[in-house]
Amino acid sequence: MPTVLITGANRGIGLELTRQYAAAGWEVIACCRKPKEASALLKVKGKIELKALDVAKPTSITKLAATLKGRAIDVLLNNAGILGRRVGFGKAESKEFLSVMQVNALGPLLMTEAFWGHVKRSKEKKIVAITSGMGSIASGANGGSYAYRSSKAALNMVMANAAGDLKEKGLSLAVISPGWVQTDMGGKGAPLKVGDSAAGIIKVIGGLTHESSGSFFNYNGDKLPW
């Protein structure tokens, strides 16, 4: 039975990814800050192991990695992320900006550093991060959301860089944009249902190969510009 570890599994895309992987027979290590309070996550059926994890706290990451020492994790899915305040030019706040960067970019890097050995033990050997099209510089930024856009661009570089470092270890890495999804973050006006986005993400992960490691995918499998 393959195993996937999902961060930010208590809501939105992370919750739906947990549902779909569990329904497909995977063992899911579902992580969030307060598992006992994650009412929707607690109702998901399947072989699910809930773990407390705050990706904004390095000690929380290293503690979980130690707890799972010796475990093989086929897919490390760095999903946890925050939007932050949508402030425009001239209204940047250092504390807010750094907080978003800590969760969205540094968190996945520290998770990858802490768990790459667990992933190497597995059959699939895949590490994926959920990014955003808003982190694509090539597609053109149109102002606003400085912290979020910057954090996702930084995440893209983190994963592309790590893909190079870990390729000789046999690992395959990628970033995947979920699209504009109907979640708390995306809003009710988003055109994409969370179930469709999650299904697409899982399909892309399933098709990830060593040759395509380091790529930036859309949830539908298209490659996106950096």
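Is T3 buried or exposed? T3 is buried, with a relative accessible area of 6%; buried means under 20% relative accessible area, exposed over 50% and partly exposed in between, using a 1.4 Å probe and protein chains only. This is a predicted model, in which local features need pLDDT of at least 70 and side-chain atom pairs count only at pLDDT 80 or more, while totals for chains, interfaces and linings use all residues. Residues are numbered from 1 along each chain as its sequence is written, and side-chain values use heavy atoms, with hydrogens and water left out.

- T3 lies in strand β1; helices (H or I, at least four residues) and strands (E, at least two) are DSSP runs numbered from the N terminus.
- Leaving aside neighbours within four places in sequence, T3 is in contact (heavy atoms within 4.5 Å) with W26, E27, I29, A72, I73, D74 and V75.
- Strand β1 (residues 3–7) pairs with β4 in the parallel sense over three bridges; two strands pair if DSSP finds at least two bridges between them.
- V75 in β4 is the bridge partner of V4.
- From strand β4 (residues 75–78), V75 and L77 point one way and L76 and N78 the other way, and all are buried.
- β4 and strand β5 (residues 126–130) run parallel and are joined by four bridges, and I127 in β5 is the bridge partner of L76.

**Helix α4**

- Helix α4 (residues 94–120) forms a right-handed β-α-β unit with β4 and β5; right-handed means that, with the strands pointing away from the viewer, the path from the first strand over the helix to the second runs clockwise.
- The 27 residues of α4 should span 39 Å at 1.5 Å a residue, and the end C-alpha atoms are 37 Å apart, which agrees; the expected span is 1.5 Å times one less than the number of residues.
- α4 has a kink of about 45°, centred on A114, where the bend at a residue is the angle between axes fitted to the seven residues ending there and the seven starting there.
- The buried residues of α4 include V100, V103, L110, M111, F115 and V119.
- Among the elements covering the buried residues of α4 are β1, β4, β5 and α5 (146–166).

**S215 in strand β7**

- S215 is found in strand β7 (residues 215–218) and is buried, with a relative accessible area of 10%.
- The side chains of S215 and K223 are joined by a polar contact of 3.4 Å; a polar contact is a pair of N or O atoms within 3.5 Å, where within protein one must be able to donate a hydrogen and the other to accept it, and residues adjacent in sequence count only if both atoms are side-chain atoms.
- Not counting residues up to four places away in sequence, S215 touches L173, A174, V175, K223 and W226.
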